[in-house]
Amino acid sequence: MTFKHIGILCSGGDSPGMNCAIRAVVRTAIHHGMQVTGIRRGYAGLLRGEFIQMNLSSVGNILQRGGTILQTSRSPEFAKAEFRKRAVDIMKGQGIEALIVIGGDGSFKGAMALCEEHNFPVVGIPGTIDNDISNTEYTIGFDTAVETAIEAVDRIRDTAHSHARTFLVEVMGRNSSAIALKVGVCTGAENILLPHEKVDHKKIVDDIQRGIARGKESSIIIVAEGPVSGRSYEIQNILKDLYHMDAHVAILGHIQRGGSPSGEDRFIASQMGNLAVESLIKGEYPIATIVKSGKVTITELPNCTKKEDHNFSEYKDLAHTLSI
Ligand code: F6P
């Protein structure tokens, strides 16, 4: 099927590299003679008719910019069928024949519903710092978020060493362990606490004391935030109250979501944006672009609508072994 007019939106949490994917979609589509409508602020903006016509210049000079030029939102309304029907009517009213969605598993579910309920052609591009979408080894933004967190932890290590302190450093990822594990290994963390793991406070204390006994001047414990940010304060209180151990808390928060995308994120996002449009042209939808065995390719969209914790917990053991 030949599409003359496609729409593109970002949905859910933003991630560095989304702009590279938008640029690749717009430039590939224009290369093939298509019209592209940018939809601002995700599904919520779609329901409000927040449209902008994209041309070659509207995606100029954005490769290096963090965030998303289209902006994004989380739209609880879109979980309801009546709003999805309205969205399809609005898109058809604009002449939009297919939709490309950049986001996480929740955003993909919304896209999939448009296809199942209204036979509307959709393609998903995985964009989230959490790297937690099923059937893809990679989601756009993960690499940059990890680099940002590593830089922050290195800085914390400097001051922790100067004062001989222990820090609990909380990283993003909601239910995903991906950022915590990679950052933990790369910063020589003494321990990594995974999102749903029962915390063994005594073991944390024993490990830290063993380190101090052999001359260590600092300890870093990477805490995966879990469902609610701030989990580190609870751990800090228990260490203090039960074990009389002082630990400082640093919550890295949204600094992990911003910033100029890394080369890896630019490279993968550029390929995914291009492949998303090429797939639509070939009539391959509903699909998502993914990374499999290190290569950018496609899979059917329902394969990617589950949140998945890749949970390579062997990296937790690796960090622990290397930091004794
Ligand atoms: O899904 C990406 C993410 O950054 C998670 O790591 C984090 O838990 C969540 O979004 C924060 O969401 P918000 O920016 O809406 O507070």
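Predicted model: local features only at pLDDT ≥ 70, side-chain atom pairs only at ≥ 80, totals over all residues.
Is arginine 155 buried or exposed? Its relative accessibility is 56%, so arginine 155 counts as exposed, because exposed means over 50%. Now find serine 177, which is 22 residues away from arginine 155 along the chain. The C-alpha atoms of these two residues are 22 Å apart.

Next, turn to helix α4, made of the 14 residues 105–118. From its first C-alpha to its last, α4 reaches 20 Å, close to the 20 Å expected at 1.5 Å a residue. Which residues of α4 are buried? They are Asp105, Ser107, Phe108, Gly110, Ala111, Met112, Ala113, Leu114 and Cys115. The elements that cover these buried residues include α2, α3, β4, β5 and β10. After α4 comes asparagine 119, with a positive phi near 55 degrees.

Our last stop is serine 323, in the segment after α10 (314–322). Its relative accessible area is 9%, so serine 323 is buried; the cut-off for buried is under 20%. The side chain of serine 323 reaches the backbone oxygen of alanine 319 at 3.0 Å. Leaving aside residues up to four places away in sequence, serine 323 touches Gly188, Ala189, Glu190, Arg214 and Lys216.

Here are the two accessibility values side by side:

| Residue | Relative accessibility | State |
|---|---|---|
| Arginine 155 | 56% | exposed |
| Serine 323 | 9% | buried |

How values were computed: Residues numbered from 1 in each chain as written. Heavy atoms only, no water. Buried < 20%, exposed > 50% of the residue type's maximum accessible area, 1.4 Å probe, protein only. Helix = DSSP H or I, 4+ residues; strand = E, 2+ residues; numbered from the N terminus. Expected span 1.5 Å × (residues − 1). Contact = heavy atoms within 4.5 Å. Polar contact = N/O pair within 3.5 Å; in protein donor to acceptor, adjacent residues only side chain to side chain.
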